[in-house]
Amino acid sequence: MVPADDLDRILAVMDAAFDPQFGEAWNRRQVEDALILGNCHYGLAEASGTCAGFYLSRFAYDEEELLLLGVIPSQRGCGYGAHLLEQFMDGARAHGALRVLLEMRQGNPAERLYQRYGFAQIGCRPNYYRGTNGQRIDALTFACLLDGRSQADRQST
Ligand SMILES: CC(C)(COP(=O)(O)OP(=O)(O)OC[C@H]1O[C@@H](n2cnc3c(N)ncnc32)[C@H](O)[C@@H]1OP(=O)(O)O)[C@@H](O)C(=O)NCCC(=O)NCCS
């Protein structure tokens with residue numbers, strides 16, 4: 001179960017980080033329900049006493065899926081997104097995952113971050129997202145195979 005303080009931190013980032021036009025943000029109940037399940041995990045990034053970002057993920061069989069990754073706009077470009085992605089990938093390894101997955105709206109600049117960490121596109125769901133203006137946007141699925149090394153090990157070699 002997620003401590004109420006952490007839930008508040010996640011929801012504060014959620015409100016600030018996700019553009020409402022794409023309807024990607026989850027509400028409190030959705031986050032709480034996910035984290036009641038033993039296979040969902042989260043991580044936070046702290047910046048001078050405040051929460052700059054979070055991730056939420058779900059482990060199943062031998063895979064872990066990144067469900068949400070967000071950093072508040074005022075703290076972007078400082079490496080918190082990369083730090084959270086590393087936390088997620090290291091956590092997935094520790095849970096026994098052989099592969100990590102994520103789904104992203106086509107055109108999201110976060111793609112560059114994911115590619116830097118070895119994610120490659122494996123699928124596309126045409127017109128999966130619907131923007132508030134009615135615009136349909138494809139969902140792209142990315143995957144990355146995990147080896148036994150942590151992200152810190154990978155960067156030192
Ligand atoms: C994606 C996100 C978490 C990245 O957070 P961040 O703290 O800015 O990430 P970093 O500082 O570690 O930057 C990582 C890289 O991704 C690129 N990048 C990530 N998001 C970007 C954005 N919105 N615009 C431009 N570049 C972006 C950066 O240029 C950087 O690449 P570089 O180091 O080669 O220049 C943040 O932009 C965000 O919260 N976006 C809105 C929510 C979202 O779309 N989440 C992803 C859903 S799949």
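Q: How do you know how far to trust the protein chain?
A: This is a predicted model, so a few limits apply: local features need pLDDT of at least 70, side-chain atom pairs count only at pLDDT 80 or more, and totals for chains, interfaces and linings use all residues. Residues are numbered from 1 along each chain as its sequence is written, and side-chain values use heavy atoms, with hydrogens and water left out. The score pLDDT is the predictor's confidence in each residue, from 0 to 100. The protein chain averages 94, and 96% of the residues score at least 70.

Q: Where in the protein chain is confidence lowest, and where is it highest?
A: Helix α5 (residues 151-156) has the lowest confidence, with a mean of 70, while β3 has the highest, at 98. Where pLDDT is low, the predicted coordinates should not be read in detail.

Q: Why is Y61 called exposed?
A: The cut-offs are these: buried means under 20% relative accessible area, exposed over 50%, and partly exposed in between (1.4 Å probe, protein chains only). Y61 has a relative accessible area of 80%, so Y61 is exposed. Y61 sits in the loop between β2 (50-60) and β3. Its phi is near 55 degrees, a positive value in a residue other than glycine.

Q: What makes N127 partly exposed?
A: N127 has a relative accessible area of 42%, which falls in the in-between range, so N127 is partly exposed. N127 belongs to strand β5, and its phi, near 60 degrees, is also a positive value in a residue other than glycine.

Q: Why is the contact between R9 and D6 called a salt bridge?
A: The label needs a side-chain nitrogen of Lys or Arg within 4 Å of a carboxyl oxygen of Asp or Glu. For R9 and D6 the N to O distance is 2.7 Å, so the pair qualifies. By this rule the count comes to eight salt bridges. R9 and D6 both lie in helix α1 (residues 4-17), three residues apart, about one turn of the helix. R9 is partly exposed at 32%, whereas D6 counts as buried at 15%.

Q: What makes E24 and R105 a salt bridge, and which parts of the chain does the pair link?
A: Their closest N and O atoms are 2.9 Å apart, so they meet the rule. The pair links distant parts of the chain, 81 residues apart: E24 is in the loop between α1 and α2 (28-36), and R105 is in strand β4. Both residues are buried.

Q: How many residues line the largest pocket?
A: There are 36, and F18, L69, N108, A110 and Y114 lie nearest the centre of the pocket. On a 1 Å grid over the protein atoms alone, a pocket is an open set of points with protein on both sides within 12 Å along at least five of seven lines, and lining residues have an atom within 4 Å of a point. The largest share of the lining, seven residues, comes from β3.

Methods: On a 1 Å grid over the protein atoms alone, a cavity is a set of points where a 1.4 Å probe fits but cannot get out, and a pocket is an open set with protein on both sides within 12 Å along at least five of seven lines; lining residues have an atom within 4 Å of a point. Helices (H or I, at least four residues) and strands (E, at least two) are DSSP runs, numbered from the N terminus.
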